Amino acid sequence: MGKTRFGVSAFWDFTTSQPIRKGVWVKIGAEDNIALDIPDKFVKRFASDSESPLRFISELKVFLKRVILDGRKGKGLEVIVLDGFTEWLVNFETGYGKVYGGDDKWGLWRELKSEFIQLMQLIKPADTGAWLIATARLKRASESDPEWMEEKYVPSMDGWAKDNIGYYFDAVLYMSIQERNEKGKLIPDYSLYMLPRKGYWIKDVWGERWMELGLPNPVKNPSFEQVKGMLEGEKEDGKSG
């Protein structure tokens, strides 16, 4: 829940249970976090179904094209949370197999690459006018990964998408979770790594500024506003420093 909560916190204040920006939480496939308790009007779900297993791909593209058009009219979103890439890929690969069979692996990879590039073009902040925060699960790197991807753990994605995801984002960050015992209750603590950590693939165009400001790495139990404020030279309590 940590990475999704961080993304949603870009438009939702969990303390007041009120929006702070015009945003949408885009759920892909079975991704869900009902504990976040976000009203339905701020949520859009796109999932595969048995009758039309690839329809969610076209529906998502139609939605994003509408977001772009609304942005051009000055009525667009300020935040898009795409949750997440792992489910998008799994649903696409499964749906493709149901529609076309599982024998043509090259056909699958070609279509996967094409659809992924189209998705990246439709969620570009330059076109949507919105902050983009996307999630992915974590997996161990394999021997087939490119040589530059020396890390042990990488985003749980496949093929061309996994190898090139970093080119489309200013930051690819890692969030870990540990539990602490507080009066007999296990409380989750989340850590967001803003700078490279051995064994994990992390990219951050703001890394140099982060180090110049002497900011902590990782950031404990972060919110989007907290991290944004720290980068803008504010203290963790939101006051200028």
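When I say two residues touch, I mean heavy atoms within 4.5 Å. Keep that in mind for Leu119. This is a predicted model.

So, Leu119. Leaving aside residues up to four places away in sequence, Leu119 touches Leu60, Leu64, Leu82, Phe85 and Trp88.

Now the wider setting. The largest nonpolar core has 35 residues. Leu119 is among those with the most contacts inside this core, along with Val26, Leu60, Phe85 and Trp88. Which elements each supply at least two residues? Strand 3 (23–28), helix 2 (55–72), strand 5 (79–83), helix 3 and helix 4. Helix 2 gives the most, with seven residues.

Helix 3 covers residues 85–100, and helix 4 covers residues 105–122. Their axes come within 11 Å. How do the two helices cross? At roughly 140°. Angles over 145 degrees would count as roughly antiparallel. Helix 3 and helix 4 are therefore oblique to each other. The crossing of helix 3 past helix 4 is right-handed.

Who makes the contact? From helix 3: Phe85, Trp88, Leu89, Phe92, Glu93 and Tyr96. From helix 4: Gly107, Leu108, Trp109, Glu111, Leu112, Glu115, Phe116, Leu119 and Met120. By type, that contact has eleven nonpolar residues, one polar and three charged.

One point to tie it up. Phe85, Trp88 and Leu119 belong to the helix 3 and helix 4 contact. Those three are also among the residues with the most contacts inside the largest nonpolar core.

Conventions: Residues numbered from 1 in each chain as written. Predicted model: local features only at pLDDT ≥ 70, side-chain atom pairs only at ≥ 80, totals over all residues. Heavy atoms only, no water. Axes fitted to C-alpha atoms, helices over the stretch in contact; angles between N-to-C directions. Helix = DSSP H or I, 4+ residues; strand = E, 2+ residues; numbered from the N terminus. Parallel < 35°, antiparallel > 145°, perpendicular 65-115°, else oblique. Left-handed = near helix turned anticlockwise from the far one by under 90°. Nonpolar A, V, L, I, M, F, W, Y, C, P; charged D, E, K, R; others polar. Core = buried A, V, L, I, M, F, W, Y, C linked by side-chain atoms within 4.5 Å. Buried < 20%, exposed > 50% of the residue type's maximum accessible area, 1.4 Å probe, protein only.
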